[in-house]
Amino acid sequence: MFVLVDSRHPGLDSDRSAWNWLGRLGVEKYAVATKVDKLRRAERHRQLGELERLYSGPATPVSAETGEGLDELWKKIASL
């Protein structure tokens, strides 16, 4: 299951609740950091680090607006 989280706001209660709920169900889950195009380079590094800490692993950074990261996301989807 992919949990889409706004990269500008890591750790929102609703995102954490969904993540924890899926964990209790035993669902394999992956964090997808959306709207990365809205972050400056330093912010991006900091926010992605925080997301990785909160979600115990890498968060796939993507932007629907610019297309950044979508190829990687599709590869991840295909591999599952």
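Helices (H or I, at least four residues) and strands (E, at least two) are DSSP runs, numbered from the N terminus. The model shown is predicted, so local features need pLDDT of at least 70 and side-chain atom pairs count only at pLDDT 80 or more, whereas totals for chains, interfaces and linings use all residues. Residues are numbered from 1 along each chain as its sequence is written, and side-chain values use heavy atoms, with hydrogens and water left out.

**View A. Residue K35 in the loop between β2 and α2.** This loop lies between strand β2 (30-34) and helix α2 (41-54). The phi of K35 is near 60°, a positive value in a residue other than glycine. Most residues other than glycine have a negative phi. K35 counts as partly exposed, at 37% relative accessibility; this class lies between buried (under 20% relative accessible area) and exposed (over 50%), with a 1.4 Å probe and protein chains only.

View B. D6 is buried because its relative accessible area is 14%. Not counting residues up to four places away in sequence, D6 touches D15, T34 and K35, where contact means heavy atoms within 4.5 Å. The side chains of D6 and R8 make a polar contact (2.8 Å). Such a contact is a pair of N or O atoms within 3.5 Å; within protein, one must be able to donate a hydrogen and the other to accept it, and residues adjacent in sequence count only if both atoms are side-chain atoms.

**View C. Residue S56 in the loop between α2 and β3.** Strand β3 spans residues 59-61. S56 has a positive phi of about 50°, although S56 is not a glycine. With a relative accessible area of 69%, S56 is exposed.
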